[in-house]
Amino acid sequence: MTQSYVIIGDGVAGSSAAETLREEEPDADITIVTDEGEALYNRILIKEFAKGKLPEAPISIHDPEWYDERDIDLKMNTLVTDVDPEGHTIETHEGETLSWDKLLVSVGGTPTQLPVDNSDAEGVHHFWTFQDARKIRSHMEEADSSVVVGAGLLGIDLAAITAAQGVEGKYLMRGNCWWRYALSREGGEIIHEALRERNVEPVFDSGVDHFEVDENNEVTTAVDPNGDEYDADFVGIAIGLDFNTEILQGTDIEVDNGVVVDEYMRTNHDDVFAAGDITQFHDVILGERAQNGAWGSAKEQGTIAAKNMVDYESEEFRWVSSYSITHFDFPFLSFGHPTLGDDEAEAKHSDTEWRRLAFKDGKICGGVLIGDLAPQSKYKKLMREERVVADQKDVLMQEQFDIDDLDLEEAPAE
Ligand SMILES: Cc1cc2nc3c(=O)[nH]c(=O)nc-3n(C[C@H](O)[C@H](O)[C@H](O)COP(=O)(O)OP(=O)(O)OC[C@H]3O[C@@H](n4cnc5c(N)ncnc54)[C@H](O)[C@@H]3O)c2cc1C
C-alpha cells in the first residue's frame, strides 16, 4: 500500500526529510506544507543579504521545479492550524484537511518579542525569515543610528549587519560579556574589540526598559534599565526563539519547550516525528535531552527522521553540532553544547586566539574556538567518541594540540 507522508515546514529539516523520503520510498505520497511564500532558502546566508553583500538569487536553495521533479507536493503560503494525531490529519488555515500515515513536524521557532513598551513600533526588527532580511536591509540603508539587543549568535549577526551598512550602533547586553554562558570575559573581549573596530559599541549591564517613539509610532530611542538613552532609528532584537508548538496543543504529543523526541526523532506518538530546531531530542552522546539550533544539525535530523519514518530504529541521531561566525577578520566556531557542563578549561594564545572547552562527567560536551580552528576536528572526535579527557586539560589546551599527546584508553569499537 502506498504510504502518505506529510511534512509541516519547508526549512532545511523538512526539505531534507522530503528528499530522503523520496529516495527511500519512490512510490510514496509526499506533501510539504509551509506558511512561507518561498521554497527552501539558505537561512544562514540571509544575514549576508541584509548586509548588502549578496543579491537574492544565491540565497535560494530549491525552486518549485525541484519539488516537481521529485513528485513532492509543496503547498506554500499555507499555515497548518491543527494536528489530529488520532485521526491522522492536519488542518490548514483555509480549512483544508490533509491525511497522512506518518507526519513530520519541522516548524522551528519564531523570534521572541521583547516584553517592553513600544517593542512593536515601526523600526523594531526581529530576524528569522528572508522577508525579515529584506525589511532589515531596506531600513538599514536609510538608518543613521542603531541599537541591537540580545548577546547571542543571532544578535551578533544583527550587530554585524549594522556595521556592514556603516550605521553607528550600540549593542546592549545584560551581563559583562557577549554570549556569557559560553565565553569568559577574556574570550568575549576579542569579540567586543572587533565590534568596536566596526563602530558598534558593546554596552554592558544594560538591556532595554522601553522604547520611545515619535508621532508616527517610529522608534527613536532605546532606554535601558539604568535610565540611559540611546538614539535608535533602527532596532534589532534577538533574544531567543519561541518554538512553534501551538499546533500540538490539545494533543497528547509531549511538548517541553520544543517537541520531545527520542534518538530516532519519533515523538511519543508512533506515527508522528519531529526534526530541526523544534526538537528536544535524546542526545546519545550527552546522555540526556538536548536541543540544537544549527543548520547542519537540522538537516541531519530531517534525514534521520525520514529514515526512521520509513523503518523505525534504522538509524539514530548521533551528531556534534557546529556553528561558525564569519563577520570578523578571525574565524569563530562553537561546537556541541558549550553552555552546558560541570567543568571547563580555557586558554588564550594571542590577541585574537582563544579557546574554551566545556566538560560533562569528564568528557568534552562542547567548546568555542576563536582565531585558530585547527583543533576543532580533534575536539569533536573526542566528544563523538565520549572520551574521558578532563583530567588532561593542559594537553588539550596546548596551542599545537594533538590527540596522540593524550593518554587515552583503547579506542571504542566502531
Ligand atoms: C539570521 C540567521 C542566521 C543563522 N546563522 C546560522 C549559522 O551561521 N550557522 C548555523 O548552523 N545556523 C544558523 N542559523 C540557524 C539555522 O538557520 C536554523 O537552525 C535552521 O534553519 C533550522 O531549520 P529548521 O528546518 O528546523 O527550522 P526553520 O528553518 O525555522 O523552518 C521551519 C519552517 O516551518 C514554517 N512553519 C512554522 N509553523 C508553521 C505552520 N504552523 N504551518 C506551516 N509552516 C510553518 C516556518 O515558516 C519555517 O519556514 C541561523 C538562523 C538565522 C535566522
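1. Let's start with a word you'll need: a residue counts as buried under 20% relative accessible area, as exposed over 50%, and as partly exposed in between, using a 1.4 Å probe and protein chains only. By that rule V223 is buried, because its relative accessible area is 6%.

2. Before going on, keep in mind that this is a predicted model: local features need pLDDT of at least 70, side-chain atom pairs count only at pLDDT 80 or more, and totals for chains, interfaces and linings use all residues. Residues are numbered from 1 along each chain as its sequence is written, and side-chain values use heavy atoms, with hydrogens and water left out.

3. Back to V223. You'll find V223 in strand β14, residues 219-223; strands (E, at least two residues) and helices (H or I, at least four) are DSSP runs numbered from the N terminus. Leaving out residues up to four places away in sequence, V223 touches G207, V208, D209, H210, E212, D228 and E229, where contact means heavy atoms within 4.5 Å. R185 is 38 residues from V223 along the chain, and their C-alpha atoms are separated by 25 Å.

4. Now look at helix α1, residues 12-24. Its 13 residues reach 18 Å from first C-alpha to last, close to the 18 Å expected at 1.5 Å a residue; that expected span is 1.5 Å times one less than the number of residues. Ten of the 13 residues of α1 are buried, so the helix is largely enclosed by the rest of the structure. Among the buried ones are V12, A13, G14 and R22. Their cover includes β1 (4-8), β2 (29-33), α3 (64-69) and α7 (295-310).

5. Next, the ligand. Which residues come nearest to the ligand? Of the 34 around it, they are D35, E36, R43, D277 and W295; a residue is near if one of its heavy atoms lies within 4 Å. As for shell residues, α1, α2 (46-51), α5 (153-164), α7 and β22 (322-325) each supply at least two, and β22 gives the largest share, three.

6. Polar contacts here are pairs of N or O atoms within 3.5 Å. A polar side-chain atom of E36 sits 2.5 Å from a ligand oxygen, and a polar backbone atom of W295 is 2.9 Å from an oxygen atom of the ligand. In the side chain of Y323, an N or O atom is 3.1 Å from a ligand nitrogen. Taken alone, the ligand exposes 1,000 Å², and the protein buries 95% of that; these areas come from the Shrake-Rupley method with a 1.4 Å probe.

Technical notes
Polar contact = N/O pair within 3.5 Å; in protein donor to acceptor, adjacent residues only side chain to side chain.
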